[in-house]
Amino acid sequence: MSAQNTSNSSIFTLDIEGMTCASCVGRVEKALDKIPGVEAASVNLATEQAKVRLKSDSETSVAEVIAQVQKTGYGAKLSNPHGGSQSNLSHAFWGSDGLGRVLLSFALSAPLLFPMFLMPFGIHWALSPKWQIMLATPVQFILGWRFYKAGFKSVLAGAGNMDLLVALGTSAAYGLSVYQMMTSPHASHELYFEGSAVIICMVLLGKWLEARAKQQTSEAIRALQKLWPESAKVLDPSVVIGEGAFLEQYRQLPLDEVFPKDRVVVLPGERIPVDGVIIFGNSHIDESLITGESDPVKKLLGSKVIGGSLNGEGVLIIDAQAVGVESVLSQIITLVEDAQTQKAPIQKLVDRVSAIFVPTVILIALITGIVNWLYLDSTSIAILRAVSVLVIACPCALGLATPAAIMAGTGVAARFGILIKDPQVLELAHRIHIVAFDKTGTLTIGKPQVLSLISLLNKDDESALLATAAGLQTGSEHPLAKALLEAAKSSHITPIPPIESQAIPGVGITGKPSTGPWAGQTLALQSIASLANNPNATSVSNRAQTLLDAGHTVSVLMSQETSTPLAIIAFGDELKPNAKTAIASLHQLQIRTVMLSGDNTAAANRVGQLLGIDEVFGQILPGDKAQIIRSLQHSGKDDAQQYVAMVGDGVNDAPALATADVGMAMSTGTDVAMQAAGITLMRGDPTLVADAIDISKRTWKKIRQNLFWAFAFNSTGIPLAALGYLSPMLAGSAMALSSFCVLSNALLLKRWRPTHS
């Protein structure tokens, strides 16, 4: 990933090669932190990446950072954005974590291991020492060379890692066997070549299983990457849309050669290559892998489309607006990658423990060997038990416990339109006591609609009244004007254009309809408040009061020439269809709900009652929302800490989103809100709030389970190995199994589904 410049710093990601355990992570981070120009660095074992932020005034180059990492014994290179080229098949099979090495090691070790299965039947047979060393040596020094290489580098760097433990343990078993063979050439049953060989086999198998499981945890990222077509059909600038066979007059260009303002042709069944606006055609678009919305969305002329979504039945021409890294899909991938690269706070504690883990294990192994040698007076038993301690204690599971769960959890959440940008959210979401909602655009649709038109004349005049009122608003950009025009359009009523019209600030608009029952008369569409001094409007005010109490905005259509009220029009922001379900879902999770609104108190309370919200704050200024969040955070018994989530979509919600313990922004809102929030909901669907809390809770649960089993495994396995209850082979198998179990447990998160999808 090329360095990303911000106003204050430069951020880039490195691919790190050769990390095997949590101790490796700590060593790379320590090396990065020592570089003078580095402001912050975070290394992730599961993704095998390091995210580095340079200081704004730093003169340190990316090459210098890479060189420093390489000095610690690990490979490093600048990460390619969103994947890059895949390794070829032969490398994947015969690489350091490839299946080919595993199969070859087992093929060479099988003859050494086979005699053990004959012993229960009273058959004591073994290969000759000559054959044993011939089979064990290539496993030890060719297939197992990676452990020597990485272990030696870790010693030069002044710290140990898993590879060092394996290299020491297997070398001790191999060396003891060579010594026994030289001193007792015919004692084939007292050799331990099978132990050293099988340990290497099991560790290689464990690393291959880890690699496979890691690949599955990042499956969501790869699924998003596959949404990008490799090329786009771009119309020549000289082509006039609509003239002749213009759809065939395009050039097939690679995606990186497409620019904003290009006109892109998308045929039925193709992926849309760019973000843009439809300038020709209409279709249904499947945006499920981007927004989580399962049903195809109808797109008409002028509709916005997202690159990576799947075109349905229609031919489209799109005016490209965002391509490459500027597109929504690229930003989503970046958000998920960043979340998977970052660390939850608990992982930092694990890394500190792991930094002292390896030297402690080596010390325990030495003590085990010395004590057993003194107590049992047997060099071979002492060495074997020390080897078992070294092998069983490899902290792979400990290093993978947290990042594997974070990768799986954030990945599956992204598939369903929940982007968890900050892993710290995972540690806070399971504690949430209160969820505060902004009203407009979050629980409501976000734009006024005509809820009712009450004729004060004959009921049969309602169509004519709507046509007249909408006609007065022709050309106006006022939200209420747009609502009237939309109401006329949906009722298939043609607005009557006025002969002349005049807007009166703070009151409304006047004009003379060109046709209809009131042709030539001066009519006014004005707010109910502006009729306070009109004696003819007293009865109208009384009838409008019920609508005002319900929280609606009320306008009156008047004849100015006769001062006669003609109609009452009520406007309101309609509730989202599933808003009530969203509140009920939170109540099922024992979470208190709060609504913040700038509307009058009556309107806010009305919405709160309809939805079943526990507490409503009305008539609040945008700047007061953050203060209310702070007060909610200390609203527990005896001023106890309450964890608060804030859900919003507007610029005025950004301070409250940043103040809350967990901020959730609707993607239907502004970029400012999404930047301030830790979670972005890719659909304007409030039920995703409960789903986001649910997947966060489940991910946190997996993290705790993984850490428990990783610590339990090491704390139980080391004493058993020291006391001789675990042979080196069993220790190697158990160590590989522990990492596999931790990763498999994390992968269970992939089965998660939203409750209301």
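This is a predicted model: local features need pLDDT of at least 70, side-chain atom pairs count only at pLDDT 80 or more; totals for chains, interfaces and linings use all residues.
Which residues touch the most other members of the largest nonpolar core? They are Leu 32 and Val 435, and the core they belong to has 76 residues.

Take Leu 32. Leaving out residues up to four places away in sequence, Leu 32 touches Val 38, Ala 41, Val 43, Ala 50, Val 52, Val 65 and Val 69. Apart from this core lies another, of 39 residues, with Leu 127, Ala 167, Tyr 174 and Ala 197 among them.

Next, a helix. In α22, which covers residues 625–633, the buried residues are Lys 625, Ala 626, Ile 628, Ile 629, Leu 632 and Gln 633. Viewed down the axis of α22, these fall within an arc of 160°, so they line one face of the helix. As background, an α-helix has 3.6 residues a turn, so residues three or four places apart point the same way. What do the buried residues of α22 pack against? Their partners are the strands β16, β23, β24 and β25, and the helix α23.

Last, the aromatic rings. The structure has six aromatic pairs. Phe 141 and Tyr 148 form a stacked one, with 5.7 Å between centres and 25° between planes. Tyr 148 is buried, at 19% relative accessible area, under the 20% cut-off. Phe 141, at 35%, counts as partly exposed. Phe 416 and Trp 752 form an edge-to-face pair, at 6.0 Å centre to centre and 80° between the planes. That pair links distant parts of the chain, 336 residues apart. Both Phe 416 and Trp 752 are buried.

Finally, ring pairs join Phe 141, Trp 145, Tyr 148, Tyr 174 and Phe 193 into a cluster.

How values were computed
Residues are numbered from 1 along each chain as its sequence is written. Side-chain values use heavy atoms; hydrogens and water are left out. A nonpolar core is a set of buried Ala, Val, Leu, Ile, Met, Phe, Trp, Tyr and Cys residues joined through side-chain atoms within 4.5 Å. Buried means under 20% relative accessible area, exposed over 50%, partly exposed in between (1.4 Å probe, protein chains only). Contact means heavy atoms within 4.5 Å. Helices (H or I, at least four residues) and strands (E, at least two) are DSSP runs, numbered from the N terminus. The arc is that of the directions from the helix axis to the C-beta atoms. Rings of Phe, Tyr and Trp (its six-membered ring) pair if their centres lie within 6.5 Å; planes under 30 degrees apart count as stacked, over 60 as edge-to-face and the rest as tilted.
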